[in-house]
Amino acid sequence: MKVLKFGGTSIENGDRIRNVLNIIRKAMQDSPVIVVVSAIRKVTDLLLESAVVASKGDIGYRETLGEIEKLHRELVHDLIDVSQVKEVENYLQSELAELSDVLHGVCLLRELSDKSRALIMSFGERFSAWIISSFLRQEGVDASYADARSMIVTDTNHCDARVDMRASAKLIRAWFKDASNVPVITGYIGAAPDGTATTLGRGGSDYTATIIGSVLGADEIQIWTDVDGFFSADPKRVKDAYVLPFISYGEATELSHSGAKVLHPYSVHPAMKAEIPISIKNSINPDAEGTRIGRSEKSDVRAERPVTGLSSINNVVLVNLSGSGMVGVPGIASRLFSCLARHLINIIFISQASSEQSISLVINLTQAGKARRILEEEFAAEIASRQIESLTVKKHIAMIAVVGNNMSGHPGVSAHLFETLGKNGINVIAVAQGSNEMNISFVIDSHDEDKALNCVHESFFLSRRKVHVFIVGTGTIAKSLISQIRDHSLTLRKEKELDVVVSGMANTRMMALRDDGIELGKWESILKPRDDGKTVGDYVARIKTRNLHNTIFVDCTASGEVAESYPDLLASNISVVTANKLGMAGSWKLYETIREAQRSSNARFLYETNVGAGLPIINTLNDLKNSGDKIIKIEGVLSGTLSYIFNELRKGGKFSEIVRKAKKAGYTEPDPREDLSGADFARKFLILGRELGYKIDYKDVKCESLVPESLRGEMSVDVFMEELSCVDGYYEAKIREAAENDMTIAYAGEISEGKARISVKTIPVSSPVAGLNGTENMVVFTTDRYFDTPLVVKGPGAGGEVTAGGVFADILRIASYLI
């Protein structure tokens with residue numbers, strides 16, 4: 001025998017009820033069937049709305065009652081043949097008249113007792129069960145209407161009743177003793193000992209089904225709904241959530257108690273006690289496998305994953321009772337729990353400090369006011385004497401449960417969980433874990449709920465891991481970066497189970513934002529004119545509002561304004577990757593502010609490309625320092641443009657002609673004076689000096705400008721290029737003089753003893769710098785360990801592709817850290 005329960009969305013219209021008919025017929029082929037139904041979708045809410053409106057003395061309840069009547073009459077006319085419609089309508093009219101009388105009484109008295117509320121709420125299931133049983137009979141299924149009030153006995157807590165299992169079992173067995181057809185039973189409702197209607201709480205039809213199934217020893221209990229089963233997380237919040245083919249009774253209980261709406265929290269226990277499997281199925285997609293709930297086996301194939309799924313609930317508040325006077329005082333916790341129990345306030349979560357100085361509870365939001373009032377009365381003396389210093393009720397919170405049978409005895413689950421939350425800047429307010437280690441629950445601000453669910457879901461490999469990248473700047477580096485992300489995305493997914501999702505792009509005129517990712521092959525057409533203040537602050541504000549997990553801000557500009565936003569981003573736990581030197585080579589005040597924000601944040605800040613484009617210079621320097629090596633000096637060439645010019649000079653070219661050639665090849669800025677000034681080189685050495693711990697500013701870097709003094713005034717680029725030949729003889733002479741001593745010249749820098757100097761130098765022909773080619777850069781580290789043979793880092797130090805590659809590498813480093 002099977003018990004089939006159908007939820008409100010499964011029976012909301014004629015087509016879906018016809019689906020239900022097919023499901024029932026298929027189930028009847030191999031066993032007897034019992035059907036339990038909820039009210040059709042929206043009706044329970046409409047019934048409650050009509051009751052509340054009536055309780056205010058407002059005859060507007062009649063309008064809602066009319067809507068309820070219309071829904072059911074339309075359903076009757078859709079399903080029932082003309083020859084039989086009158087019988088169904090007569091029953092419906094009789095029930096509607098009773099409902100109208102009850103609402104009229106509530107309206108006259110302006111009072112809505114729990115008893116009246118439960119009676120009103122019971123009509124939804126009574127309507128649906130009658131219509132569906134009539135339709136089944138019409139279609140040849142021997143079905144009958146069954147009112148659960150004659151089977152389910154509860155206490156007198158009418159609106160959230162507790163079932164008397166012993167009394168209910170007796171009535172259920174008696175009712176089914178002579179039953180031979182398919183009963184269509186009203187879910188959700190029962191009766192108190194005096195016969196008055198009671199309800200089992202929202203979703204209580206599941207509970208009805210498992211009670212009846214457990215008493216009658218069903219082979220299976222099927223819960224038919226509008227989703228494919230139990231998901232690893234709420235798919236509306238976690239897009240990568242997937243259906244769990246199997247979960248244990250314990251996992252189902254923990255997930256449903258903690259917010260998973262697929263199953264009523266109390267419904268698992270009767271089935272578990274009777275060892276009857278529960279199947280969660282989709283009536284709209286009946287061929288889907290669904291989720292099977294049963295006893296966990298030792299050979300469970302999911303053993304490699306400690307976490308099975310996540311659930312959350314946010315219509316709750318955190319009640320905190322604290323005070324030094326609670327320490328070592330017996331009975332405080334007992335009084336607290338007893339007081340709440342007497343007033344029928346359900347506790348969802350409990351956390352107590354080991355010092356006994358505070359107790360935190362999570363309860364339903366609707367009971368917050370009542371809980372505060374009764375606890376203030378209960379502990380009035382302790383509050384007055386300051387034994388209890390505060391009783392607070394914190395709203396706008398969410399409780400998340402991480403659930404899994406295999407968490408037990410699996411070291412590191414808690415550490416991994418809280419590390420993941422910390423890296424994403426999510427503050428944990430309270431924590432609770434049972435001794436069975438199946439559930440770790442924690443409380444956070446509701447604003448972070450989606451962020452927490454997604455990052456935890458990914459961190460336990462329940463889905464492919466993601467980082468959300470927001471790029472500022474759309475120039476050469478950004479274009480190359482986007483191409484590299486696009487071309488490498490398949491490899492990252494396959495080999496690293498990582499998605500680099502570009503969720504935003506902006507420049508001063510255009511912007512595109514898409515949480516699930518911009519299509520990288522069409523990004524330029526997706527950019528739209530900005531309608532905000534067109535500042536980096538507006539862009540950053542939009543990123544912060546989205547509050548996505550694993551967010552990385554990528555700066556591909558040369559903007560001082562963007563660099564000034566780094567502290568705000570880091571303070572918001574948004575990691576930063578930058579190719580923009582104006583942060584780390586900016587004013588000392590900005591530099592210190594960035595560093596302080598970095599120290600105070602769990603976010604990462606990487607800027608490898610600030611110095612050597614794609615060359616690993618910053619990382620090498622930090623590895624040397626962190627491993628205890630002493631840096632004696634740093635030398636090198638850190639300008640691809642100037643490296644090219646001097647490499648060509650050494651081959652015998654004329655300075656002005658080489659500069660003209662470099663400009664034509666795109667090696668220089670449109671105005672070559674920007675390169676020849678050495679300013680960019682100086683910023684790079686400033687960054688290296690600060691990395692060594694020197695408190696230096698840009699003005700402290702002694703940098704020789706290659707712009708002839710006579711050409712430093714106001715003049716056009718064309719005039720400058722024409723006049724530049726005035727220094728050709730000077731460089732020819734320098735080369736010639738150096739060659740006489742087996743030397744050559746280079747534009748190179750040196751940092752040592754707290755000072756940074758960049759100038760044209762005479763160097764041995766055997767020097768590594770003399771061996772540079774094209775636009776190559778080089779940095780030479782002389783350290784205690786690398787004294788006789790200094791450590792050399794050499795390679796392309798400029799260009800959009802290599803710089804973008806360095807930025808991409810920094811993004812992947814942060815991704816590895818975050819997940």
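Two aromatic rings of Phe, Tyr or Trp (its six-membered ring) are treated as a pair if their centres lie within 6.5 Å; planes under 30 degrees apart count as stacked, over 60 as edge-to-face and the rest as tilted. By this rule the structure holds 19 aromatic pairs. The model is a predicted one, in which local features need pLDDT of at least 70 and side-chain atom pairs count only at pLDDT 80 or more, while totals for chains, interfaces and linings use all residues. Residues are numbered from 1 along each chain as its sequence is written, and side-chain values use heavy atoms, with hydrogens and water left out.

One of the pairs joins Phe123 and Phe127, whose rings are tilted, 5.9 Å centre to centre with 45° between the planes. Both residues lie in helix α6 (residues 123-138), four residues apart, about one turn of the helix; helices (H or I, at least four residues) and strands (E, at least two) are DSSP runs, numbered from the N terminus. An α-helix has 3.6 residues a turn, so residues three or four places apart point the same way. Burial is judged by relative accessible area: buried means under 20%, exposed over 50% and partly exposed in between (1.4 Å probe, protein chains only). Phe123 is buried at 0% relative accessibility, and Phe127 is buried with a relative accessible area of 0%.

A further tilted pair is made by Tyr539 and Phe553, with ring centres 6.3 Å apart and planes at 50°. Tyr539 belongs to helix α18 (residues 536-546) and Phe553 to strand β21, so this pair ties together parts that are 14 residues apart in sequence. Tyr539 counts as buried at 0% relative accessibility, and Phe553 is likewise buried at 0%. Elsewhere, ring pairs link Phe646, Phe655, Phe681, Phe685, Tyr730, Tyr731 and Tyr747 into a cluster.

The next feature is a sheet. Six strands form an open sheet in the order β12-β13-β11-β14-β16-β15, with antiparallel pairing; two strands pair if DSSP finds at least two bridges between them. At the edges stand β12 (347-352) and β15 (430-433), each with a single partner strand, so one side of each is left without a neighbour in the sheet. From one strand to the next, the twist averages 30°; axes are lines fitted to C-alpha atoms, for helices over the stretch in contact, and angles run from 0 to 180 degrees between N-to-C directions. β12 pairs with β13 (residues 358-364) in the antiparallel sense over five bridges, and Gln352 has Ile359 of β13 as its bridge partner.

Helix α14 (residues 413-423) touches β14 (390-403), β15 and β16 (439-445), and its direction makes about 15° with that of β16. Helix α15 (residues 449-459) touches β11 (309-322), β14 and β16, and its direction makes about 125° with that of β11.

Glu497, which follows α16, has a positive phi, near 50°.

Note on methods: Contact = heavy atoms within 4.5 Å.
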